[in-house]
Amino acid sequence: MKTIILQKEQVHCGSLLLVNAACPLRNRQKCVLAPADPRFPNILLNRNAATVLQMILDNISADGSIVPVSGYRSEEEQTELYEKSYADNGAAFTKKYVALPNCSEHQTGLAIDLGLNKGDIDFICPDFPYNGISQRFRDEAPDYGFIERYPKNKEHITGISHEPWHFRYVGAPHSKIMAENHLSLEEYIEFVKAYRTDSRLSYERDKQTENEIYFVPAGAAETYISLPENALYQISGNNTDGFIITIWRKKQ
C-alpha cells in the first residue's frame, strides 16, 4: 500500500466540487483552460472537460449544430453578468438563472452552457430542447462524464431553476451513477458519504472494468489515504468536508 497525504485546502479542488449558494468556490486558482470548441477560441473550459466535450460532439455527428454559449467565467465576469442581469431583467429572473459571484459553477471551468446554432442565441437561456441533436447530446453526455446539472423538479435541491442548456463535467463513472439514479450533484455528494474505506461503492463500467468509490472525511490539517500500489485512481475534494476517491480495477 502507498499513502497519499492531502492538505486541508485540497478539499476545494477536483472535478466533483459542489458549488452553489451554500458552498461558494474557495479555490481561486485558475485551472488549465482550453477552448470548448476550436471555432470559439474565447469560450474556455477545463482542458480535460473540453477534450471530452469534443468527443461527445464528434460521436453524435453534431457538425456545428450545437455551439458553446458560455464556459469559464472569472469572478469579475460573473459579477458583471449578475449585475447586468439584475438591472436588465430584475431580481426574480436573476435569482432563478444567474448565480452570485463565487457561487457559480462557471468559475470552476467545469460548466458549459450549450445552444442550438441559430442566428439569435440568448446568452442566459439558450435554446437546447429535449429532442433532436440536443437530446442526442443529453443522452450521450453521462457516458463521457457530463451531466445536465439543473434538471426539472430538482429546483428545491439545487437552488437554481431548470436549465436544459447547462452541463457540468464531473467525470465518469460519477456521471453515469447520477444519471441512472436521477441524482443531482447535491444529492450525489450526500449519497457517496454512505460509502467509506471499509464499505465501498462498486460500479461495473463494462465487462473488463469496475470502479470502487468511497468518501474520506477531511482531517483538521492533513488527510491520509491508503491506496494499493500501482492503482489507477482519482481524488476529488467535494468543496465541503472531504474527498471522494475513485479507483479503477480490471475485473478478474
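Which residues lie nearest the centre of the largest pocket? In this predicted model, they are Gly-14, Asn-27, Cys-31, Asn-46 and Thr-108. The complete lining of the largest pocket has 24 residues. The volume of this pocket is about 510 Å³. By class, its lining holds 12 polar residues, eight nonpolar ones and four charged ones.

Is Asn-46 buried or exposed? Its relative accessibility is 16%, so Asn-46 counts as buried, the cut-off being under 20%. Asn-46 is in contact with Cys-31, Val-32, Leu-33, Gly-109 and Leu-110, once its neighbours within four places in sequence are set aside. One of these partners, Cys-31, is also among the residues nearest the centre of the largest pocket.

The protein as a whole comes next. It contains seven helices and 12 strands. Its radius of gyration is 18 Å, close to the 18 Å that the globule rule gives for 252 residues, so the protein is as compact as a globular protein of that length. Along the principal axes, the C-alpha atoms fill a box of roughly 55 × 40 × 35 Å. Of the 252 residues, 49% count as buried. The accessible surface comes to about 12500 Å². Carbon and sulfur atoms account for 49% of that surface. Among contacts between residues at least 6 apart in sequence, 67% join residues at least 24 apart.

A second pocket was also found. About 360 Å³ of space lies in the second largest pocket. Its lining is made of 17 residues, and Glu-148, Pro-151, Met-178, Ala-179 and His-182 lie nearest its centre. Which of the elements gives the most? H4 does, with four residues. The lining of the second largest pocket divides into eight nonpolar, five charged and four polar residues.

Rolling a probe the size of a water molecule over the atoms shows where empty space is left. How many cavities of 30 Å³ or more does the structure hold? There is one. About 170 Å³ of space lies in the largest cavity. The lining of this cavity comprises 18 residues. Arg-73, Tyr-97, His-106, Glu-163 and His-166 lie nearest its centre. Helix H2 (75-89) and strand E7 (163-169) each supply at least two lining residues. E7 gives the most, with three. The lining of the cavity has 10 nonpolar residues, along with four polar and four charged ones.

Helix H2 also carries Leu-81. At 15% relative accessibility, Leu-81 falls under the 20% cut-off and so counts as buried. Leu-81 touches Arg-73, Val-98, Phe-123 and Ile-124, not counting residues up to four places away in sequence. How far apart are Leu-81 and Asn-27 in space? They are 21 Å apart, C-alpha to C-alpha, and 54 residues apart in sequence. Asn-27 is one of the residues nearest the centre of the largest pocket.

Finally, the backbone was inspected. Most residues other than glycine have a negative phi, and most peptide bonds are trans. The peptide bond from Ala-172 to Pro-173 is cis, with omega near 10 degrees. Pro-173 is found in the loop between E7 and H6. Asn-102 is not a glycine, yet its phi is positive, at about 70 degrees. This residue sits in the loop between helix H3 (91-97) and strand E5 (111-116). Its relative accessibility is 10%, so Asn-102 counts as buried. Asn-230 also has a positive phi, of about 65 degrees, although it is not a glycine. Its place is in the loop between strand E10 (222-227) and strand E11 (232-237). Is Asn-230 buried or exposed? With a relative accessible area of 76%, Asn-230 is exposed, the cut-off for this class being over 50%.

Note on methods. Residues numbered from 1 in each chain as written. Predicted model: local features only at pLDDT ≥ 70, side-chain atom pairs only at ≥ 80, totals over all residues. Heavy atoms only, no water. 1 Å grid on protein atoms, 1.4 Å probe; cavity = no way out; pocket = protein on both sides within 12 Å on 5 of 7 lines; lining within 4 Å. Points joined across faces, edges and corners; volume = space filled by probe spheres on them. Nonpolar A, V, L, I, M, F, W, Y, C, P; charged D, E, K, R; others polar. Rg over C-alpha atoms; globule rule 2.2 N^0.38 Å. Buried < 20%, exposed > 50% of the residue type's maximum accessible area, 1.4 Å probe, protein only. Contact = heavy atoms within 4.5 Å. Areas by Shrake-Rupley, 256 points an atom, 1.4 Å probe, with all protein chains shown as cover.
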